[in-house]
Amino acid sequence: MSETNESSASLLTPYQMGPFNLAHRVVLAPLTRQRSYNNIPQPHAILYYTQRTTHGGFLITEATGVSDSAQGHADAPGIWRKEQVEAWKPIVKAVHDKGGIFFCQIWHAGRYSHVDYQPNGQSPVSSTSKPLAGKIPLPNRKDVADFSPPRPLKTEEIPNIVADFRNAARNAIDAGFDGVEIHGFLLNQFMKDSVNDRTDRYGGTLENRCRFALEIVEAVVDEIGAEHVGIRLSLFFDPHDSNPEALGVYMVEALNKYNILYANFVEPRMVALERTIASEKSLIPMRKAFKGTFLVAGGYDRDDGNKAVSSGKTDLVVYGRLFLANPDLPKRFELNAPLNKYDRETFYTSDPVVGYTDYPFLQS
C-alpha cells in the first residue's frame, strides 16, 4: 500500500504477512530483559512471552546473541549452542500453542561491549578501532566501566561473522521459531559513515558500507528461506550517518532483491522519558521503496498506531514499553481501556517475576 493511501485498516484489523495470518497489527518489540542466566533462556520466559501472546499475534524475541563474542548485556540469551536451542524450544512451543507467530531477533553487539563480556577477555570486534563513548554495566550488574576499545575485523574474518548469523538462523528454526529478525549494533557500525573508517571493500562508499549487512541477509535467506527473514534498521540514531535517508533507501532497494518478509524501522522521532519529540526526518522514502511488510517502532500509542496504519504509513506497529507493562495490550487497545504504567527501575533487573511477569491484566 502506498504511504499516501487512506484505508479502513486499523491496529486491530487482520493482515497477511507472507505465509502468516495475523489477527491484528500490534507487534511485541524485541526488548532486552536480561533474565537469561549464563546466556541460556530460562523457564520463566515461557510465562513472559505467553502472557503477551494472542492467537494470530506477532512477537519478536529480545536480542539474542549469535556467538559468544556477540555479547554486550548481562544475562542476554543466545542461540549459538545446542543447550540454548533446547532451552528455547519449550518457550516457542508455548507461544505456538496459544496461536502466536514468533520470530527470534539474532544480534551482535559489536563495539557496544566490554572485555568482561568477551571470551578470554579479548577485545570486542567492530568495523573500526574507534571506542564508544560512555559507560557500560558489567556482567556482575554492580559496576560500570568505559566501553572497551574495539578491534577492527580483518577482511578475511568477516565471513566468520556472516557464518555466525547463518548458524543462528538455522538454530532458530531448529528451536521452532517461525523466522528470524536480523539486527545488531555491529551492522550499524559497518553501515554508518561516522564510525566506519575502513579502506577495504567494506568501507568508504555506501555500497561498501552496506555490504556486510547484505551478506548476512543473503546467507540467512539461503539458509532458511526469504519468507522467514526480517531485518531491523535504526537509521537515525547513534552511530549517526551523514545521509540516513539515502542509506535507508539504498538498503531497502537492495533488500527487495532478496524478497525478505519484512523490514522493521525505528522512527526518526525521539522518545525521551514520557515525551515524543517530533523530527523533520521521515521513513516515507523507505516505505515507498520497500516491497515487503513494513513495520515501525518508536513511542507509538493507540491513536498514533491507528493513524499510522490507516494512512498507509506502515503495515504493522511495534510496541515496546507499553507491551512490557500491558501483557494484554491488544485487548486494551480494542476496549480503549486504561494502561498500566511501566516501571523503568525494573526493566533490566535480574528478578524472574518483578517487572517481568507481574504486570496485571484487565479484570474480566
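1. Contact here means heavy atoms within 4.5 Å. By that test, and leaving aside neighbours within four places in sequence, Ile106 touches Thr64, Val66, Ile79, Phe165, Ala168, Ala169, Val180, Glu181, Ile182, His183 and Val220.

2. A quick word on the basis: this is a predicted model, where local features need pLDDT of at least 70, side-chain atom pairs count only at pLDDT 80 or more, and totals for chains, interfaces and linings use all residues. Residues are numbered from 1 along each chain as its sequence is written, and side-chain values use heavy atoms, with hydrogens and water left out.

3. Ile106 turns up again in the largest nonpolar core, which has 99 residues; Ile106 and Phe58 have the most contacts inside it. (Such a core is a set of buried Ala, Val, Leu, Ile, Met, Phe, Trp, Tyr and Cys residues joined through side-chain atoms within 4.5 Å; buried means under 20% relative accessible area, exposed over 50%, partly exposed in between, with a 1.4 Å probe and protein chains only.) Apart from this core lies another, of five residues, including Tyr117 and Phe147.

4. Now the rings. Those of Phe, Tyr and Trp (its six-membered ring) pair if their centres lie within 6.5 Å; planes under 30 degrees apart are stacked, over 60 edge-to-face, the rest tilted. That rule gives 18 aromatic pairs. Phe58 and Tyr262 have ring centres 5.7 Å apart and planes at 80 degrees, so they are edge-to-face. Phe58 is buried at 2% relative accessible area, and Tyr262 is buried too, at 0%.

5. What about Phe190 and Phe212: stacked, edge-to-face or tilted? Their planes sit at 35 degrees with centres 4.4 Å apart, so the pair is tilted. Both are buried.
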